[in-house]
Amino acid sequence: SHAAVKNVRKRAGSQQWQVLQAYAQHVNLTADEVGVITGLANKVGCCYWHRVSELLKQGLLETTELKRLARSGELQRVNRITSQGRAALGI
């Protein structure tokens, strides 16, 4: 929705913004991969996987049919940015 796009734009530099930018710069990522790429996985108390979930709910990311192993050894879904996500970043 347009409200989701405005919310991300208002919060440039936020964790959601960082996650969305990482998805824009890479073709497909798991939540674990985006945490490593952004450095959010190293921040104490950071729940970057929640940001991925929020962006999925807002329609700024979408799941693919791919799955990859996370550092935990569990399979994770691979996500990608949507056109709405790109619009939120102004690209």
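**Entry 1. Helices α2 and α4.** I began with two helices whose axes come within 9 Å and cross at roughly 75°, namely α2 and α4. The model I am reading is a predicted one. Angles of 65 to 115 degrees count as roughly perpendicular, so I recorded α2 as roughly perpendicular to α4. I then looked up the residues that make the contact. On the α2 side they are Q15, Q16, V19, L20 and Y23, and on the α4 side R51, V52, E54 and L55. Sorted by class, this contact of α2 with α4 has five nonpolar, two polar and two charged residues.

**Entry 2. Helices α2 and α3.** Next I turned to α2, residues 15-25, and α3, residues 31-38. Their axes lie 10 Å apart, and the packing angle is about 105°. I therefore noted α2 as roughly perpendicular to α3. From α2, the residues in the contact are Q18, V19, A22 and Y23; from α3, they are A31, V34, I37 and T38. By class, I found six nonpolar and two polar residues in the contact of α2 with α3, and no charged ones.

**Entry 3. The whole protein.** I stepped back to the overall layout. The protein holds five helices and two strands, and their order along the sequence is α-α-α-α-β-β-α. Of its 91 residues, 38% are buried. I also looked up contacts between residues at least 6 apart in sequence: 52% of these join residues at least 24 apart.

**Entry 4. The largest nonpolar core.** Which residues touch the most other members of the largest nonpolar core? I found V19, L20, Y23, V34, V52, L61 and I81, out of 19 residues in that core. Helices α2, α3, α4 (48-57) and α5 (83-89) each supply at least two residues of this core. The largest share comes from α2, with six residues. I set beside this a general remark: in soluble globular proteins, nonpolar side chains tend to be buried together.

**Entry 5. Aromatic pairs.** I searched the whole structure for aromatic pairs and found one. The pair is formed by Y48 and W49, which are edge-to-face, with 5.0 Å centre to centre and 80° between the planes. Are its two residues buried or exposed? Y48 is buried, because its relative accessible area of 8% falls under the 20% limit. W49 is partly exposed, with a relative accessible area of 43%.

**Entry 6. A70 and D32.** A70 is found between β1 (61-69) and β2 (75-81). A70 is buried, with a relative accessible area of 10%. Which residues are in contact with A70, leaving aside its neighbours within four places in sequence? I found D32 and Q76. I also noted that the C-alpha atoms of A70 and E33 are separated by 7.6 Å, although these residues are 37 residues apart along the chain.

D32 is buried, with a relative accessible area of 10%. Leaving aside its neighbours within four places in sequence, D32 is in contact with Y48, A70, R71 and Q76. Among these is Y48, which I had already recorded as part of the aromatic pair with W49.

Notes: Residues numbered from 1 in each chain as written. Predicted model: local features only at pLDDT ≥ 70, side-chain atom pairs only at ≥ 80, totals over all residues. Heavy atoms only, no water. Axes fitted to C-alpha atoms, helices over the stretch in contact; angles between N-to-C directions. Helix = DSSP H or I, 4+ residues; strand = E, 2+ residues; numbered from the N terminus. Parallel < 35°, antiparallel > 145°, perpendicular 65-115°, else oblique. Contact = heavy atoms within 4.5 Å. Nonpolar A, V, L, I, M, F, W, Y, C, P; charged D, E, K, R; others polar. Phe/Tyr/Trp six-rings, centres within 6.5 Å; stacked < 30°, edge-to-face > 60°. Buried < 20%, exposed > 50% of the residue type's maximum accessible area, 1.4 Å probe, protein only. Core = buried A, V, L, I, M, F, W, Y, C linked by side-chain atoms within 4.5 Å.
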